[in-house]
Amino acid sequence: MGRFKVPIVRLAYDSDGSREPLKKAIELLKAHRYDGRRIIVYCLFNHNDTPETFFHRDRDLIDWGVVAYPMRYEPPEPRPKNTYVAPAWTSERLEMVAQARRVIGYGGAFPPYEGLRIKFARARNFAEAFSLRPAQR
């Protein structure tokens with residue numbers, strides 16, 4: 001693996017069932033000197049999950065020191081973009097993810113920055129992790 005000239009490794013964490021194999025893959029990549037900022041893990045949400053399970057998957061990725069890239073699920077049938085809301089989600093919670101990606105993320109992703117790791121580690125639930133402080137004037 002160390003001989004591969006792959007600048008960025010992309011993986012996915014779409015369900016809780018892939019947690020342990022993904023963690024092992026990340027550990028192997030890091031053992032072969034891949035920087036966590038060069039490991040991007042797409043994290044599907046608004047599908048067969050809940051905001052809480054999405055939060056736990058994002059927190060895992062940040063704890064593991066890799067880039068978490070939230071990907072909003074869009075069903076295959078034609079419809080306007082970002083109009084699908086899965087049964088366990090609400091428009092407000094989907095907007096919380098979108099705003100967090102813009103404000104505390106970088107390029108739509110959550111890099112493994114220490115401040116983000118602390119915010120997610122202290123959060124007891126989705127709402128605490130993805131809520132933003134009011135703008136100060």
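Predicted model: local features only at pLDDT ≥ 70, side-chain atom pairs only at ≥ 80, totals over all residues.

**Entry 1: alanine 109**

I started by listing what alanine 109 touches, skipping neighbours within four places in sequence: the contacts are Val67, Ala68, Tyr69 and Pro70. I count a contact when heavy atoms come within 4.5 Å. Alanine 109 sits in the loop between α3 (91–103) and α4 (114–122). Alanine 109 is buried, as its relative accessible area is 5%. My cut-offs: buried is under 20% relative accessible area, exposed is over 50%, and partly exposed is in between (1.4 Å probe, protein chains only).

**Entry 2: ground rules**

Residues are numbered from 1 along each chain as its sequence is written, and side-chain values use heavy atoms, with hydrogens and water left out.

**Entry 3: the sheet**

I looked up the strands next. There are 3 of them in an open sheet, ordered β1-β2-β3, with parallel pairing. Which strands stand at the edges? β1 (9–12) and β3 do, each with a single partner strand, so one side of each has no neighbour in the sheet. Neighbouring strands are turned by 30° against each other on average, direction ignored. Two strands count as paired if DSSP finds at least two bridges between them; β2 and β3 are joined by 6. Across that pairing, cysteine 43 stands opposite proline 70 in β3. I remembered proline 70 from the contacts of alanine 109.

Two helices lie across β2 and β3: α2, at about 175° to β2, and α3, at about 140° to β3. For these angles, axes are lines fitted to C-alpha atoms (for helices, over the stretch in contact), and the values run from 0 to 180 degrees between N-to-C directions.

**Entry 4: helix α2**

I checked the length of α2 (residues 51–63). Its 13 residues should span 18 Å at 1.5 Å a residue, and the end C-alpha atoms are 18 Å apart, so the two agree. The expected span is 1.5 Å times one less than the number of residues. After α2 comes glycine 65, with a positive phi near 80°.

The buried residues of α2 include Phe54, Phe55, Leu61 and Ile62, and also Arg57, Asp58, Arg59 and Asp60. Their cover includes α1 (19–31), β2 (39–45), β3 (67–72), α3, α4 and α5 (126–130).

Aspartate 60 is buried, given a relative accessible area of 13%. Beyond its neighbours within four places in sequence, aspartate 60 contacts Tyr13 and Arg19.

**Entry 5: the core**

Of its 29 residues, Val41, Phe54, Leu61, Trp89 and Phe130 touch the most other members. The elements giving two or more residues to this core are α1, β2, α2, α3, α4 and α5. Phenylalanine 130 has contacts, outside four places in sequence, that include Phe54, Phe55, Met96, Phe110 and Phe120.

**Entry 6: salt bridges**

I found 7 salt bridges in the structure, each being a side-chain nitrogen of Lys or Arg within 4 Å of a carboxyl oxygen of Asp or Glu.

- Arginine 19 pairs with glutamate 20, closest N and O atoms 2.7 Å apart; arginine 19 is partly exposed at 28% relative accessibility.
- Arginine 117 meets glutamate 114 at 2.6 Å, N to O; both lie in α4, 3 residues apart, about one turn of the helix.
- Arginine 124 meets glutamate 128 at 2.5 Å, N to O; arginine 124 is exposed at 68%, while glutamate 128 is partly exposed at 28%.

Salt bridges that share partners also join Asp16, Asp49 and Arg57 into one network.

Technical notes: Helix = DSSP H or I, 4+ residues; strand = E, 2+ residues; numbered from the N terminus. Core = buried A, V, L, I, M, F, W, Y, C linked by side-chain atoms within 4.5 Å.
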